[in-house]
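Look at the sequence and structure first, then read on.

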Amino acid sequence: MSQQLKYAVFGSGSWATAIVKMLCENLNEVGWYMRSVYTKEHLLKEQHNPSYLSSVEFHLEQLKLTNDINEMATYADVLIFAIPSAFINSELEKLSIDITSKTVVSAVKGILPESGLLLGEHFHDNYNIPFENIGVIAGPCHAEEVALERLSYLTISCADQNKAQAIADVLSSDYIKTKISDDIIGTEYAVMLKNIYAIAAGIAHGLGYGDNFQSVLMSNAIREMKRFIKKMHKMKRNINNSAYLGDLLVTGYSTFSRNRMFGNMIGKGYTVKSAQMEMSMVAEGYYATKSAHLLNEKNKKKTRTPIIDAVYAVLYEGKDAKKVFKKLTEKLD
């Protein structure tokens, strides 16, 4: 791989927009697929995304924009998917070209609800993409801070370390520091799980729990994450690295975290539907909670996941958040 390869981003939300911005720092041309004709036309006219990170102004000569997913998949060598997990399957169903020779990168923060698979697994099983051609982008990195060009960090995971480094290089800049990893499955699960724990942190805040409890919640969350990932994919990894612990902390504590915001609304008494309607962005952790719960239930020997169980009880079983979290406090240490 080299910087001569063509890169494309699929999606038009805040994270997709941030990734396009990062790529534009290093590449003469970046492909960008978006479903919305309105978003594309607005970009062509006003040079910014009308709905997300609207402060980021793009140079149009750097962008190859299209509403045709097959056109973009044909154009690019490296396909970076940043579409919310709840919607990506319906977008992928539009693909009619052979992408087996492409490098596919997941910037999706969740599991596909239809299959219960990580995006990398989905591409391997359904599109015959070799695992060495699959990558994952992990944080800690909020799109809003990328827009502000505040120093941020990314971990790029791929079994082929040369590919990982090539992708890391085109995302790096003065304000983006990158490192590489070979833990594709672990980092992709971590990206999913941290959103669930951020919802838990938000619920706790909405219920009136303070910083002392939040610190206990997060320290238990990283241990729970370690147990869950080890059960799903056992390999040597340092759970305290930024792709795991760092991403968990920023998602659990940041005011930019949409999952924490969603949880906070639930803690304050919003119903799931009303909270979703009020938010303009997708809280990936809502869908991830169900996926993680089902995955754990399918295990012959379940992993102990009191935080995931508590969030699931509130979001999907309609249980009272105050009572559920009171019980949760007795299970943490």
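**Cavities in the model**

The second largest cavity has a volume of about 40 Å³. The largest cavity holds about 70 Å³ of space. The model is predicted. Searching the whole structure turns up 2 cavities of 30 Å³ or more.

**Second largest cavity**

- Seen residue by residue, the lining consists of G120, E121, F131, I134, I184, I185 and E188.
- Two elements, α5 (119-127) and α8, each give two or more residues to the lining of this second largest cavity.
- The most comes from α8, which gives 3 residues to the lining of the second largest cavity.
- Sorted by class, the second largest cavity is lined by 4 nonpolar, 1 polar and 2 charged residues.

**Largest cavity**

- The lining of the largest cavity includes W15, the run S106, A107, V108 and K109, and D247.
- Also in the lining of the largest cavity are I137, A138, G139, C141, V191 and K194.
- Here β6 (134-138) and α8 (184-207) are the elements that give two or more residues to the lining of the largest cavity.
- By class, 7 nonpolar residues line the largest cavity, along with 2 polar and 3 charged ones.

**Linking the two**

- Which elements give two or more residues to the lining of the largest cavity? They are β6 and α8.
- I184, I185 and E188 are in the lining of the second largest cavity, while V191 and K194 are in the lining of the largest cavity.

How values were computed:
Residues are numbered from 1 along each chain as its sequence is written. This is a predicted model: local features need pLDDT of at least 70, side-chain atom pairs count only at pLDDT 80 or more; totals for chains, interfaces and linings use all residues. Side-chain values use heavy atoms; hydrogens and water are left out. On a 1 Å grid over the protein atoms alone, a cavity is a set of points where a 1.4 Å probe fits but cannot get out, and a pocket is an open set with protein on both sides within 12 Å along at least five of seven lines; lining residues have an atom within 4 Å of a point. Grid points are joined across faces, edges and corners, and a volume is the space filled by probe spheres set on the points. Helices (H or I, at least four residues) and strands (E, at least two) are DSSP runs, numbered from the N terminus. Ala, Val, Leu, Ile, Met, Phe, Trp, Tyr, Cys and Pro count as nonpolar, Asp, Glu, Lys and Arg as charged, and the others, Gly among them, as polar.
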